[in-house]
Every structure is written in structure tokens, then in C-alpha cells.
Amino acid sequence: IGTTTPGEQLHIQNYSGQVARLEIDQYSADANVSTIVGRKSRGTPGSGAAISANDDLLALVARGWLSDSAAFDSTNSIAFKMSASESHTSTAKGTYFTFATTPTSSTTRAERMRIDPSGNVGIGTTTPQQKLSIESNNSTGWLYLTTTSGNEFIEAATGFYLRAASQNQIYMDATAAYLGNIGAAGDTSSTRMTILHSGNIGIGT
């Protein structure tokens, strides 16, 4: 569409100063939504075959025009992929998301974030162990908070842990802050120091 030399099965080109775009409208008195569906099989149209773990089901990618070669890049510099985490059956359909970017002054695209089949989010890691896992090869600056008004803070509805390994912890709840080897569910029996909300400090008590 807009080109006499399409490079793909569907190729849309615009050079009239407007934005080249694909627009999908949905009109219905229900919860139905405009949808793009990607389907993947390891077989042929006449004889499908099951996908395997880590097969990409659908990807949104982008490429730019290269000033030094006067052509579009042949590789993707940024990518958002939806992939299978296992071979799919009628009772097992595990999937995950990945987001990848290319650093400035580089040509190597790398995964930056993923949402795994359990819903865990990994930044800098492909194997997140908790709801949010952050991994970095920098010695500082893993998590940075800023605001344009007031002070930055992290708030928890009930108790809140700060943990280095499993033996050095700070646990805070509505009454005090506890330092020591805090057990599960706020068990403070092995606390080394307690700071009450009144400001009283207890060591060994």
C-alpha cells in the first residue's frame, strides 16, 4: 500500500508528510476490543505442529534508516516479544513477555525486562525470583526514586522488610523498627535491636 516494491506480504509506505499508521476501529455495544493476533506453528498450513519452549508467538520490532549506508537497517534495534515458555497443549499454554533495546553507540540489542509465566518481573535478569527482581552489573544506582514535590518514600500496607542475604534484616511495622535475623511473618524473636515509634531503643530487649 503506497509502494510498488513491497518487501513483505503487507507493506505500507507513506511519504506525503503524514504519519504512516495502521488503524483498527471497533464498534459494538459490548466489551469486545480491536485485536491483533499472532499464531505460531512449527508445521505447515496443511499439517500443523506444536510449538516449543521459547518460540516467539508475536513480536513488535523497529528499525531505523542508516545515515552511513543510505538504507533501512536489516536488523531490529528494539523489540517487544510474546513467547511460549513450554510446548503448548490444550491444558498447558505458558507464556512470557520480553522487552529489548540497543544501547547508544552500539549495535547489540539486549533484553532489558521480562514478565515470566508466573507474573514475576525481571529487570536485567531473565530469571526473576520475586514479583520484582532487579539485577545490574553496576555497583550503585539499582533503584532511584525522585519526585517533583515532597519527599521520595516507599510505603507498605503492613510490615516491610529490608534484607541482605537471610541473616541481616530490618523489619518495620506500625509500632517499631527491628534489626536482626527476622523470621517469617514478622517473627522478631531473634531481633538484635528495636526502635519503638516513641523513640525508645532496645538492645537485647
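# Close-up views of the predicted model

Lysine 81 has a relative accessible area of 23% and is therefore partly exposed, a class that lies between buried (under 20%) and exposed (over 50%), with a 1.4 Å probe and protein chains only. The model is predicted, so local features require a pLDDT of at least 70 and side-chain atom pairs count only at pLDDT 80 or more, whereas totals for chains, interfaces and linings use all residues. Residues are numbered from 1 along each chain as its sequence is written, and side-chain values use heavy atoms, with hydrogens and water left out.

**View 1. A salt bridge joins lysine 81 and aspartate 56.** The side chains of these two residues meet at 3.4 Å, N to O; a salt bridge is a side-chain nitrogen of Lys or Arg within 4 Å of a carboxyl oxygen of Asp or Glu. Because lysine 81 lies in strand β4 and aspartate 56 in strand β1, the pair ties together parts that are 25 residues apart in sequence. Strands (E, at least two residues) and helices (H or I, at least four) are DSSP runs, numbered from the N terminus. Aspartate 56 is partly exposed at 34% relative accessibility.

**View 2. Further salt bridges are found among the four that the structure holds.** Side chains of opposite charge can pair when their charged atoms come close. Glutamate 23 and arginine 21 meet through their side chains at 3.2 Å, N to O. Glutamate 23 is exposed, with a relative accessible area of 51%, and arginine 21 is exposed as well, at 61%. In another salt bridge, glutamate 111 and arginine 114 have their closest N and O atoms 2.7 Å apart. Here glutamate 111 counts as partly exposed at 30% relative accessibility, while arginine 114 counts as buried at 13%.

**View 3. Six strands form an open sheet with mixed pairing.** The order of the strands is β1-β4-β5-β6-β7-β8; two strands pair if DSSP finds at least two bridges between them. Strands β1 and β8 (132–134) stand at the edges with a single partner strand each, so one side of each has no neighbour in the sheet. On average, neighbouring strands of this sheet are turned by 15° against each other, direction ignored; the axes are lines fitted to C-alpha atoms (for helices over the stretch in contact), and angles run from 0 to 180 degrees between N-to-C directions. Strand β7 (residues 121–123) runs parallel to β8 and is joined to it by three bridges. Valine 121 has leucine 132 in β8 as its bridge partner.

**View 4. Aromatic rings pair in this model.** Rings of Phe, Tyr and Trp (its six-membered ring) pair if their centres lie within 6.5 Å; planes under 30 degrees apart count as stacked, over 60 as edge-to-face and the rest as tilted. This rule gives a count of three aromatic pairs. Tryptophan 65 and phenylalanine 72 have ring centres 5.0 Å apart and planes at 85°, so the pair is edge-to-face. Both of these residues, tryptophan 65 and phenylalanine 72, are exposed. Phenylalanine 80 and phenylalanine 99 are stacked, at 4.8 Å centre to centre and with 20° between the planes. Since phenylalanine 80 belongs to strand β4 (residues 78–84) and phenylalanine 99 to strand β5 (residues 95–101), this pair ties together parts that are 19 residues apart in sequence. Phe80, Phe97 and Phe99 are linked into a cluster by ring pairs.

**View 5. Strand β12 pairs with strand β11 and with strand β13.** Five bridges connect β11 (residues 176–180) and β12 (residues 191–196) in the antiparallel sense, and glycine 180 has threonine 191 in β12 as its bridge partner. Strands β12 and β13 (residues 201–203) also run antiparallel, joined by three bridges; threonine 194 stands opposite glycine 202 in β13. The hairpin of β12 and β13 has four residues between the strands, and glycine 199 takes a positive phi near 105° there.

**View 6. Asparagine 54 and alanine 70 have positive phi values.** Most residues other than glycine have a negative phi. Asparagine 54, with a phi of about 75°, is found in the segment before β1 and is exposed, with a relative accessible area of 52%. Alanine 70, with phi near 50°, is found in the loop between β2 (65–66) and β3 (71–72) and counts as exposed at 53% relative accessibility.
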